[in-house]
Amino acid sequence: MLSGQQAQDDAGQYSTAGQRYCIGIVGAGSVGCYLGAYLCQDSALDVKFFGRETMALELAANGLSATSCDHQAYFAQPVAFYSSLNSLIECDVVLLTVKAPALVPMLTQLKRFLRPEVPVVAMQNGIGIGEMLTQDLANPVLRAIVPFNVVKNRAGQFHRATAGNIVWQQSQHTAVNYVISVFNHLQLPVQTTTDITAAEYGKLLLNLNNALNAISNVPLKQQLLDTDCRLLLAMAMQEWLAICSKAKIRPVPYTRLPNAMLPWLLRLPTILFRRLFHHMAAKMLAMDEQAHSSMWDDIQAKKRTEIMFLNGAVVRMGQLYQLPTPVNTLLVEQIKRLESGEAEPLSISEILQQVKLES
Ligand SMILES: NC(=O)c1ccc[n+]([C@@H]2O[C@H](COP(=O)([O-])OP(=O)(O)OC[C@H]3O[C@@H](n4cnc5c(N)ncnc54)[C@H](OP(=O)(O)O)[C@@H]3O)[C@@H](O)[C@H]2O)c1
């Protein structure tokens, strides 16, 4: 584990012009703490974490560490943690790492404390995030897509469970580019792009499963071995791919297979899904026996989910392009039922039956 001074000395060497940047991580949960642990290693960055009091106490007691499947590990203690956003006024760049439904309630405070020239990098999954923020904030808004999963292994320790490069919207902001160079230097690769829409659309293709996992109420591994679940996922993906095609967007692939082949893979009988595509299936099925999607976690915690930025975005875009989205529509309805707790959601087989009846 690289810790404290040694990592700071190493990373600080490529700092430019002796400038020290203050970076705010707003919504320090899994993604924010993981990324923040890397940034704390750099002596040219003053990293401020903004989040809940419970997280402040957790990090004060245990320190903050980021570990990963490729054995990198970074430790930081103490961390500067704030449960109010007042100190945002000092920040030169902000990484927004709250979940999507928390963005709107936070806007008033962002507007109050952020200097208007400060770039804000929104790291949420989903579609429409950048547009929503730009409508209300005077600040330059950039998007970044996190392709890997971060889980909390124990108090203060955030673990990257899968691989992949962060995809980051290209910009001219010196502070933003400095942050990107720190991640790259510390071997958390960031790829910049001028086509962030393609990156967002590609990530959505995979995130369409979050809702299905929450509805099925079984671990991801078990869910992927269920033929009905895979069939519904394949159909949900096809609805999105048809929209992308009509919108003339080529979604970035995040797996070894071309996007267009994912529905085909999912439609295979389970025995073939397991055997023939051993490499990809092995990767998929190597997941923790008990792992669920973050949407399942949100439902269990009785929190609002990101459904309207995921499957809900497919439905919205379908209306825009006049393309049918019956599967994603049904998935949104079931998640809404789960969120409100007012009605039982349909089961996976009932959803499939309804889709077949309607087609
Ligand atoms: N985790 C992953 O593996 C992963 C991977 C790729 C992308 N993403 C995306 O990254 C985003 C963040 O996900 P995450 O898993 O890091 O979420 P998370 O663990 O829930 O972290 C967000 C944190 O922000 C806090 N927060 C919300 N509103 C706040 C406010 N007004 N003031 C202070 N703190 C506030 C939340 O507290 P409360 O919970 O108490 O509200 C939570 O601690 C999501 O859009 C997700 O889709 C996540």
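A salt bridge here is a side-chain nitrogen of Lys or Arg within 4 Å of a carboxyl oxygen of Asp or Glu. Helices are DSSP runs, numbered from the N terminus. I am working on a predicted model.

**Entry 1: a pair within one helix**

I looked up Glu339 and Lys336. Their side chains meet in a salt bridge at 3.9 Å, N to O, which is within the 4 Å cut-off. Both residues sit in helix H16 (residues 326-340); because they are three residues apart, about one helical turn separates them. Glu339 is partly exposed at 26% relative accessibility. Lys336 is also partly exposed, at 38%.

**Entry 2: pairs across the chain**

I noted ten salt bridges in the structure. One of them joins Lys111 and Asp136, with the closest N and O atoms 3.7 Å apart. Lys111 belongs to helix H4 (residues 103-113) and Asp136 to helix H5, 25 residues away. Lys111 is partly exposed, with 45% relative accessible area. Asp136 is partly exposed at 37%.

Next I checked Glu200 and Arg143, whose side chains form a salt bridge at 2.5 Å, N to O. Glu200 lies in helix H7 (residues 196-207) and Arg143 in strand S9, so this pair ties together parts 57 residues apart in sequence. Buried or exposed? Glu200 counts as buried, at 6% relative accessibility. Arg143 is buried too, at 3%.

I also recorded a network of salt bridges that links Asp46, Lys48 and Glu90.

**Entry 3: the two domains**

The domain assignment gives domain 1 (2-194) and domain 2 (199-358). I found their C-alpha centres 28 Å apart. The two domains bury about 1,400 Å² between them, with 63% of it on carbon and sulfur atoms. On the domain 1 side, Pro101, Asn125 and Ile127 lose the most area to domain 2, together 46% of what that side buries.

I counted two salt bridges between the domains and six residue pairs in polar contact.

**Entry 4: Asn139**

Where does Asn139 lie? I found Asn139 in the loop between helix H5 (129-136) and strand S9 (141-145). Asn139 is buried, at 6% relative accessible area. The Asn139 side chain reaches the backbone oxygen of Val118 at 2.9 Å. Among the residues Asn139 touches are Leu114, Pro116 and Val120.

Conventions:
Residues are numbered from 1 along each chain as its sequence is written. This is a predicted model: local features need pLDDT of at least 70, side-chain atom pairs count only at pLDDT 80 or more; totals for chains, interfaces and linings use all residues. Side-chain values use heavy atoms; hydrogens and water are left out. Helices (H or I, at least four residues) and strands (E, at least two) are DSSP runs, numbered from the N terminus. Buried means under 20% relative accessible area, exposed over 50%, partly exposed in between (1.4 Å probe, protein chains only). A polar contact is a pair of N or O atoms within 3.5 Å; within protein, one must be able to donate a hydrogen and the other to accept it, and residues adjacent in sequence count only if both atoms are side-chain atoms. Contact means heavy atoms within 4.5 Å. Domain bounds come from an automatic or database domain assignment. Buried area is the accessible area (1.4 Å probe) that two parts lose on being put together, summed over both. Lists of a residue's contacts leave out its neighbours within four places in sequence.
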